[in-house]
Amino acid sequence: VNMYGKCGSLEDAWSTFYKMRGRDLVSWSAMIAACAQHGHGKEALQLFQQMQLEGMIPDRVTFVNILSACSHAGLVEEGYRLFVSMSQDNGIAPSMEHYNCMI
């Protein structure tokens, strides 16, 4: 998923992601990052929500990816909401990477 996303083949990243059995946090984060890299912020947000519905707990890397997706797509309010949620709801202290996504 990560390789296809970085190589510009979002369609192949999606295909691989959907074919995976037992997606873990790494595969979810990779697909969110692929969406972010290609300016698909709304899709990244949907993935993030679906990931949480399936019981995955986001980590600091997942938050960098989703905040980046919001930043690239101009989803300022959603990004801010997630930034606040990161520490308040998930106990993750923001790092410089997280703050960079908010600029």
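Here are a few questions and answers on how this predicted model is described.

The model is predicted, with local features needing pLDDT of at least 70 and side-chain atom pairs counting only at pLDDT 80 or more, while totals for chains, interfaces and linings use all residues. Residues are numbered from 1 along each chain as its sequence is written, and side-chain values use heavy atoms, with hydrogens and water left out.

Q: What makes up the secondary structure of the protein?
A: There are seven helices and zero strands, in the order α-α-α-α-α-α-α along the sequence. Helices here are DSSP runs of H or I with at least four residues, strands are runs of E with at least two, and numbering starts at the N terminus.

Q: How do you know whether the radius of gyration agrees with a compact globule?
A: The rule, applied to C-alpha atoms, is 2.2 Å times the number of residues to the power 0.38. For 103 residues that gives a value near 13 Å, and the protein has 13 Å, so the two agree.

Q: Why is Asn65 called buried?
A: Buried means under 20% relative accessible area, exposed means over 50%, and partly exposed lies in between, using a 1.4 Å probe and protein chains only. Asn65 has 14% relative accessibility, so Asn65 counts as buried. Across the protein, 41% of the 103 residues are buried.

Q: What is Asn65 in contact with, leaving aside its neighbours within four places in sequence?
A: Contact means heavy atoms within 4.5 Å. Asn65, in helix 5 (residues 60–73), is in contact with Ser29, Ile32, Ala33 and Ala36. The Asn65 side chain also reaches the backbone oxygen of Ser29 at 3.1 Å.

Methods:
Polar contact = N/O pair within 3.5 Å; in protein donor to acceptor, adjacent residues only side chain to side chain.
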